[in-house]
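Please open the structure in the viewer and follow the stops below in order. Each stop names a selection and then describes what is found there.

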Amino acid sequence: MVRVRLEGIKMSWEDFRLEIPHLEAKAGEFLTLLGPSGCGKTTTLRIIAGFERPEKGAVYFGERLMNNVPPYERNIGIVFQDYALFPHMNVFDNIAFGLKVRKIPRNEIEKRVVWALELVGLKGFEKRYPEQLSGGQQQRVALARALVIEPQVLLLDEPLSNLDAKIRERLRGEIKRIQRELGITTIYVTHDQEEAMAISDRIAVMNIGKVEQIGTPLELYYNPKTEFVAQFLGLSNILELRAVDGEACLGELCFNVGREGKVKIFFRPESVYIEEGKTGEIVSYELSPGRIRFKIDVEGKIIIAERFLSEIPFSIKNLPKRVGVRVKQFSIIG
Ligand SMILES: Nc1ncnc2c1ncn2[C@@H]1O[C@H](COP(=O)(O)OP(=O)(O)OP(=O)(O)O)[C@@H](O)[C@H]1O
């Protein structure tokens, strides 16, 4: 297990600047780089892999400075979005390739390939060719190929984005299980917030070449530091209010903020509770299995609330025009 650390990284293309003063994946950690297309996730991963040389800054694996170590000597396993298997080689040879290059003895290669195939649930597929495999199976082979060399760091660049939703969900569970089992430091790139939340120990949210915030999925979800992070991770309510005597109010809906002046208050729809009362007017609602999402107008501002159907004190057929609104968990951003 090794810690991966970036210090003072700067890199620029014509119309893009990547700037990462400090970013660290702890030893054995599953760290995800999450952000919209073009924010610099892949470039960051390529710098860690050694495919890209930053103009400034340093990459460390443990205490070792890696800047001048070429990719093939960094002992990393990499999986890309498009599998990148060799089409003319069967599964066994695809997985064995990196071991052959390293001149590992034949019997050791066989043992390791069998181990890797079992790890990814593809025992018995040795003789198949990539074209005889589904997308999900091809990606398992790519994962086995990355792991068979026993890398100290695993880098995954959108490995699931070419797969359909069901397989994507199953495979992400397996990637997580394997990562835990091997305890391998893993850096994962995705633009899918749900995937990032499901799979990561910590997430670094990136935007236009910068890391906006890093934290556990729950920290980021409930305590985002910026509007970008709040909005990127899901539906959010953000209210700009003026606090007086430590309290910021929108009509009857008050927040104890412990400060004066302008504040930006953030809360998730599932932190909003609905009760009998007159705080706001129901503008619309949407049903999904077992749940209900309301838009409620409170003093001219729309608040989104989401609850289990069993939690609201009214029948849907008999919803009142006005309801009481309470927010149980909020934070201040900006
Ligand atoms: N070799 C290159 N030459 C010029 N510009 C590049 C190069 N590689 C990346 N870029 C630019 O750097 C920016 C960041 O690209 P990068 O691939 O790191 O983003 P990303 O967050 O991984 O995006 P995506 O999710 O679309 O893959 C983009 O504007 C891209 O066009």
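At what angle do helix 2 and helix 4 pack, and how far apart are their axes? In this predicted model, select residues 91-101 for helix 2 and residues 135-147 for helix 4: the angle is about 30°, and the axes are 7 Å apart. Angles under 35 degrees count as roughly parallel, and helix 2 and helix 4 are therefore roughly parallel to each other. Their crossing is right-handed. To view the contact itself, select Val91, Asn94, Ile95, Phe97 and Gly98 on helix 2, together with Val141, Ala144 and Arg145 on helix 4. By class, the residues of this contact comprise five nonpolar, two polar and one charged.

**Second stop: helix 2 and helix 3**

The contact of helix 2 with helix 3 holds eight nonpolar and two charged residues, with no polar ones.

Which residues lie around the ligand? Select Trp13, Phe16, Gly35, Ser37, Gly38, Cys39, Gly40, Lys41, Thr42, Thr43 and His191. Which helix gives the most to this shell? Helix 1, residues 41-49, does, with three residues. The shell around the ligand divides into seven polar, three nonpolar and one charged.

Finally, select residues 2-233, which an unreviewed UniProt entry lists as "domain: ABC transporter". Over residues 2-233, the chain is 36% helix and 26% strand. The C-alpha atoms at the ends of this range are 29 Å apart.

Methods: Residues numbered from 1 in each chain as written. Predicted model: local features only at pLDDT ≥ 70, side-chain atom pairs only at ≥ 80, totals over all residues. Axes fitted to C-alpha atoms, helices over the stretch in contact; angles between N-to-C directions. Helix = DSSP H or I, 4+ residues; strand = E, 2+ residues; numbered from the N terminus. Parallel < 35°, antiparallel > 145°, perpendicular 65-115°, else oblique. Left-handed = near helix turned anticlockwise from the far one by under 90°. Contact = placed C-beta atoms within 7 Å. Nonpolar A, V, L, I, M, F, W, Y, C, P; charged D, E, K, R; others polar. UniProt positions renumbered as here; feature names shortened; annotations may be inferred. Near = placed C-beta within 6 Å.
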